[in-house]
Amino acid sequence: MVVILVIASVALSQLAGVAIAAETLPPYISQCRWSDPKVTECFVHAMMHIRPWLAQGIPEINLPAAEPFRLNELSLSLTTGPNGYRVHLRDIDLYGASNFSVSRLRLGENGGPFDLQIRIPSLRIKADYTSSGVLIIIPASGKGSFSALLGGVNAVVRGTVSTAPRDGKDYMRVEKLNVDLKIKDVNMGIKRAFNNNAILTEATNLFLRSNGHEVLEAMMPQLRLKIAEVFMGLANSLLAKVPVQYLVRD
């Protein structure tokens, strides 16, 4: 889920190498040309081609492994009131993001908007879990491990880019980015929580099973912002190394 824009940036960034030394292309690169009337389809193919390498990372371009992909933390309030039930997730690892397929790619021109839509069959999440407050009528403050399985993930990334000169060349930069997520199936649970208190753990899991989509919806505002922030940082660190003159062949 969280490698969408990086995938596009890597595919484009690595195409820069074609203009310099096509005979030394690394194995994860699929070559494209702007003059190709089906250049968009070629970029989609390039993104699909690079998937096996995304899982393990590509050290030579400082691309971290996508399996797992880590977010730092999320905090959310699941019930209201002075003793409302609150959850804090830390060290969030996501598995399955590299197993994507591209549904749509639209490239902007001259800094115009672009969007990329992908589908991921499932995402598995693991995190450290801390809760406080009252869940239904039970005090439920404690710590444990959180897991979730998200099925039928659709993600759309929209944004704009700019170019700026440096050392006689022009470089791209992502200026604006929005991420939208739609998830069909949600299954959440916790383990080793509340000092292994079986009653509190089962009560919490019953709540999460019955309200999985509502819990996910509560996460969404932060999740979208954090994913967009990570995407922009990684994409711009890659694009800063590649002049536009190399990106645009022919």
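Asp 91 is partly exposed in this predicted model, at 33% relative accessibility. Its salt-bridge partner is Arg 90, with 4.0 Å between the closest N and O atoms, and Arg 90 is likewise partly exposed, at 35%.

Within it, the side chains of Arg 70 and Asp 93 meet at 2.8 Å, N to O. This pair links distant parts of the chain, with Arg 70 in strand β1 (residues 69-77) and Asp 93 in strand β2 (residues 86-95), 23 residues apart. Arg 70 is partly exposed at 47% relative accessibility, whereas Asp 93 is buried at 13%.

A further salt bridge joins Asp 115 and Arg 104, again at 2.8 Å. Here strand β4 (residues 114-132) supplies Asp 115 and strand β3 (residues 101-106) supplies Arg 104, eleven residues apart. Asp 115 is buried, with a relative accessible area of 10%, while Arg 104 is partly exposed at 23%. The whole structure contains six salt bridges.

Turning to the nonpolar side chains, the largest core has 65 residues, and Phe 146, Met 188 and Met 219 have the most contacts inside it. Helix α6 (residues 212-239) contributes the largest share of this core, ten residues. Phe 146 touches both Met 188 and Met 219, and its other contacts include Leu 89, Ile 125 and Tyr 129.

As for confidence, the protein averages a pLDDT of 77, and 80% of the residues score at least 70. Residues 10-23 stay under 50. Where pLDDT is low, the predicted coordinates should not be read in detail.

Definitions and conventions
Residues are numbered from 1 along each chain as its sequence is written. Side-chain values use heavy atoms; hydrogens and water are left out. pLDDT is the predictor's confidence in each residue, from 0 to 100. Contact means heavy atoms within 4.5 Å. A nonpolar core is a set of buried Ala, Val, Leu, Ile, Met, Phe, Trp, Tyr and Cys residues joined through side-chain atoms within 4.5 Å. Buried means under 20% relative accessible area, exposed over 50%, partly exposed in between (1.4 Å probe, protein chains only). Helices (H or I, at least four residues) and strands (E, at least two) are DSSP runs, numbered from the N terminus. Lists of a residue's contacts leave out its neighbours within four places in sequence.
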